[in-house]
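Hi,

Here's the structure I said I'd pass along.

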Amino acid sequence: MERCKQCSSPILSDKENQIYCSHECWLAYRNDKPAESALRVWASIAGVLIALFALLLSVLSILGDSEFGLPVFTFLSGVMVYFILKEIYSKEQITALFSIPDRSEAGRLILLILVLDIFVILPIHAVITIFLFPEAEQQEIITMFADASDTSLALLAFSVAILTPFAEELLFRGFILGMLLKRYSDTQAIVISSLIFAIAHEPIAMVLAFGGGLLYGWIRVKTGSVLPSMIAHAIWNGFITIIVILY
């Protein structure tokens, strides 16, 4: 019988690779660890962002304005961050990051996030955009959909709805939020990672990205896994993609 890594109690579950008996024990184990230095945390984040920028330049130099540029970069960036996570975290931590101990609870949290996205974050974003940025142009990704040919539309939709959530959640909730949690409280880490997530987007999309970042960061901390935020992000992007295509 497997025993909890934190409290050594028996794990009464038939799920494979479960190393904590409860979410509370996972939090206790994490909070018992000494905080990383701010310099190490921010240097790690800056280093990965610089590496991703170099990857972007490499992809652009090879593919140029090709329709394959965005999906190739998105996929490669996700793979790069995944291997970085495997290098900096233990096998147990990686297992926890990519598993969902309580699927029913995760499902309820994902549904809650989608409801908040539609009825809270999106209206706030619309109001702020209308009153503070009345001259703002359309988001670039929407323009890309409008200009895409029939053959490239499916590739663009796949990239936005599937590849982007995969890469962004690994980077922002897997790596960046994970590093920030080594130094700051849950709330501070979620807010800071959401600000970075917002800055990475176009100005017109920053409010929407910041709100989404808060929700995805919250469910990442709540469940201890990056998969629920990845699923919620993919559903949201897929929903927006369908609206843009049909509109």
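Glu-36 is partly exposed, at 24% relative accessible area. Its side chain meets that of Arg-40 in a salt bridge, 3.3 Å from N to O. Bear in mind that this is a predicted model.

That pair belongs to a set: the structure has 3 salt bridges. Another one joins the side chains of Arg-108 and Glu-105, with 2.8 Å between N and O. These two sit 3 residues apart in helix H5, so about one helical turn separates them. Arg-108 is exposed, with a relative accessible area of 52%, while Glu-105 comes out as partly exposed at 27%.

Then there's Glu-169 with Arg-173, whose side chains form a salt bridge at 2.6 Å, N to O. Here the spacing is 4 residues within helix H7 (residues 150-181), which again means about one helical turn. Are these two buried or exposed? Both Glu-169 and Arg-173 are buried.

Now for the surface. There's a nonpolar patch of about 910 Å², built from Leu-111, Val-115, Ile-118, Phe-119, Val-120, Ile-124, Phe-239, Ile-243 and Tyr-247. Which helix gives the most to it? That's H5, with 6 residues. Helix H5 (103-132) and helix H10 (227-246) each supply at least two of the patch residues. Phe-239 is one of the patch members and lies in helix H10. Its relative accessible area is 35%, so Phe-239 counts as partly exposed.

Cheers

Terms used: Residues are numbered from 1 along each chain as its sequence is written. This is a predicted model: local features need pLDDT of at least 70, side-chain atom pairs count only at pLDDT 80 or more; totals for chains, interfaces and linings use all residues. Side-chain values use heavy atoms; hydrogens and water are left out. Patches are made of residues with over 30% relative accessible area and no salt bridge: like charges are joined within 9 Å, nonpolar side chains (Val, Leu, Ile, Met, Phe, Trp, Tyr) within 5 Å. Accessible areas come from the Shrake-Rupley method with a 1.4 Å probe; for residues, only the protein chains shown count as cover. A salt bridge is a side-chain nitrogen of Lys or Arg within 4 Å of a carboxyl oxygen of Asp or Glu. Buried means under 20% relative accessible area, exposed over 50%, partly exposed in between (1.4 Å probe, protein chains only).
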